[in-house]
Amino acid sequence: MNPAGLLFRPVKFAHLPSAVKEFLDAPDAVAVPVPVEGRDDLAQSAELASRLYTALDRPRPLDLGVVLGEDRLPDGVADLARPLARTWLPENQLADAPAFLRDHPGSLLLIGCYDRLTLDPVRSLLLATYRSRTHALTLLSGRDAASLAWSIAKQYARADTGIDALGLFTDTDRPPHLPGVQVFDDRDFERVDIQSAILGTRWRKVAFQGHGKDDSVNLGEFTICGLNPAVPSRPGLLGPRCAYGLPCYKPEDKLVPLHRVTAVEVVLSACNSGPLADLALYDPKYQLLLNALDGPARTVVAAVSVHDSDRPENVAWMRSALTGADTVDTLNASLAGSHPYPAFLRFGLPDTPHPAPEPADHRPDPLVLTVGRRLNALLGSELLPHNHALRPRLTKLARKVDLWVARPTHLADQSAAEIHTSLTADLQSLDHAIAGQVAANPEDELMTYPAHFGDRSSLDHEVREVTCHCGRPAQEFTRRGLLPQVLDTTCAVCMRCGDVTFRLPEAPSLLAYSADEVEQGGFLEVRAVLNAARTGPVRLGLFVPTYLREDARVEPELVKVRATGGQPQYVVFRVRFDPATAPQAYYFTVFAVQDLAVSTARRHFGVLPR
């Protein structure tokens, strides 16, 4: 073992080749060499690293390795990286990235100074390995050869198992606080010394999420700063305000120098926090990514471009940090439902191989979308008057559905199962209220939806032959709404019975069977046949015309059944008639309510004298 207990040994570049050979020949007995001449900041980072890492270890090598610009690197730098990949290939093979990856399956390690990390070849490799189950891209880099060697050296360090602090600092979200993760949001920035909280903790993983540029991430008045004062500026390159002698745009006593953050893994979840060299806005002296690589972090995760990270990614990251899943795979998979390109790059070898998670699909439960469309129509189409009794409750549910559809909430604050449970509870309550309202007043505005939506629709060319409940042929057709707030409606028409059924697509279908005639004082037995669109509770009822209500009693007035989607369900009603009921032709209507949709089936019958 290393007798002095040192993990990192400062050396000069002139001595690096021999020091690397000595380390690789006896990695358990010799500290890993780090060239720090002229770089006091790297020497300080090595001291900070001693608080994070307790031993040296050969990491699990990746399958393939390529060094960019090896001929320009000092001797010993590339040699230090050799154990990090099983097979090393020449840089010129990257000219055709798809062909290269086709011929060389497996994980790929790309090493090079920052100025070699350009659109060509990194972009093509990044796109070709994105969502790949057979390839994974990892990078090691630094602002110069010394920083690159330091990034390589850290890969041999084993983190102290006693370090378990996980932290999320966000200025754009108020995520749930998961047990085991310290979460700081904008409310905390007003009352907590964020600078001390960040710099005074040994983090296993820490993520900074917020707005910023490639030189900073904003955390309220606090700022994660990319400036490394130990490195020189490059004349002619653009810099931030401080590069021109102007004061910082944020309070300078609240700046957090990123290379002083004591963390095994640093996540920079801000747009353009890790741009490629020919995409960067600022002089490398001010680059967030390069500042992080100069620090003690063994792994740095940064965003190559813009992305839509928000609540889902914050929650996904917290869960991955708790389980040990890979950060880049997790974040890119979570964002896969929002844009078609990879957002994050990993600088540093993954701790252990994890299968990349399946790309996230942020589309909510189809029931949420169905209900959302129906709410939009009920509230926005002028179907219901402004003072309709159900408007307040429908409006309240519409607000919840809007939150469930929005990415920052979906699958973050609540799981899919929790959202489904909450929605179905709301629907049961509202369906019960709708059914009661229709039973009490069949002329409620809700029941005018076929005419209201139909007048704002066009006829679909497809017509289906069906059988009316009278046994005769009927035609079923759909009218397509012409405006977003107008729902499609489906109707079946029989030449004898007229418009027999009305329903919304994806709503229950109904037919009603009964005798054609009943005597005064007798009863009519009605057998309703329900086919529900989905498994779940359905409310059914039966009503007669207003002019018959004093002479007819419906039993039961309402009934609740648990229907199985796609399977017929039978419900029996009885309509008892007063002996004084006038003999003539009448009709009854059976209705079903599920998920805010009312389906109807109308049937003619006659009352005969006794």
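Predicted model: local features only at pLDDT ≥ 70, side-chain atom pairs only at ≥ 80, totals over all residues.
Local features are reported for residues with pLDDT of at least 70 and side-chain atom pairs only at pLDDT 80 or more, whereas totals for chains, interfaces and linings use all residues. Residues are numbered from 1 along each chain as its sequence is written, and side-chain values rest on heavy atoms, with hydrogens and water left out.

Secondary-structure elements are DSSP runs numbered from the N terminus, with helices (H or I) of at least four residues and strands (E) of at least two. Strand β9 is mostly covered, as six of its six residues are buried, where buried denotes under 20% relative accessible area, exposed over 50%, and partly exposed the range in between (1.4 Å probe, protein chains only). Ala165, Gly167 and Phe169 point one way from β9, while Leu166, Leu168 and Thr170 point the other way, and all are buried. Two strands are taken to pair if DSSP finds at least two bridges between them. By this criterion β9 runs parallel to strand β11 (residues 203-209), to which six bridges join it, and it also pairs in the parallel sense with β10 over three bridges. Glycine 167 takes part in both pairings, standing opposite valine 206 in β11 and having glutamine 182 as its bridge partner in β10.

The loop between β9 (165-170) and β10 (182-184) contains aspartate 173, a residue that counts as buried because its relative accessibility is 4%. The side chain of aspartate 173 makes a polar contact with that of asparagine 314 at 3.1 Å; such a contact is a pair of N or O atoms within 3.5 Å, of which, within protein, one must be able to donate a hydrogen and the other to accept it, residues adjacent in sequence counting only if both atoms are side-chain atoms. When neighbours within four places in sequence are set aside, aspartate 173 is in contact (heavy atoms within 4.5 Å) with Asp185, Asp186, Gln209, Asp310, Arg311 and Asn314.

A separate open sheet is formed by four strands in the order β12-β13-β14-β15, with mixed pairing. Its edge strands, each pairing on one side only, are β12 (212-213) and β15 (255-257). Strands β13 (residues 216-219) and β14 (residues 222-225) pair in the antiparallel sense over four bridges, and serine 216 has cysteine 225 in β14 as its bridge partner.

Helices α12 (residues 366-380) and α14 (residues 416-440) pack at an angle of about 35°, with their axes 10 Å apart. The axes are lines fitted to C-alpha atoms, for helices over the stretch in contact, and the angles run from 0 to 180 degrees between N-to-C directions. In this packing, Leu367, Val368 and Val371 of α12 meet Ile419, His420, Leu423, Thr424 and Leu427 of α14.

Two further residues lie in strands. Arginine 527, in strand β25 (residues 523-531), is partly exposed, with a relative accessible area of 38%. Excluding residues up to four places away in sequence, arginine 527 touches Leu511, Ala512, Tyr513, Tyr570 and Val571, whereas its C-alpha atom is separated by 21 Å from that of aspartate 578, 51 residues apart along the chain. Threonine 600, in strand β31 (residues 597-608), counts as buried at 11% relative accessibility. With the exclusion of residues up to four places away in sequence, threonine 600 touches Met447, Val500, Thr501, Phe502, Leu510, Thr589, Val590 and Phe591.
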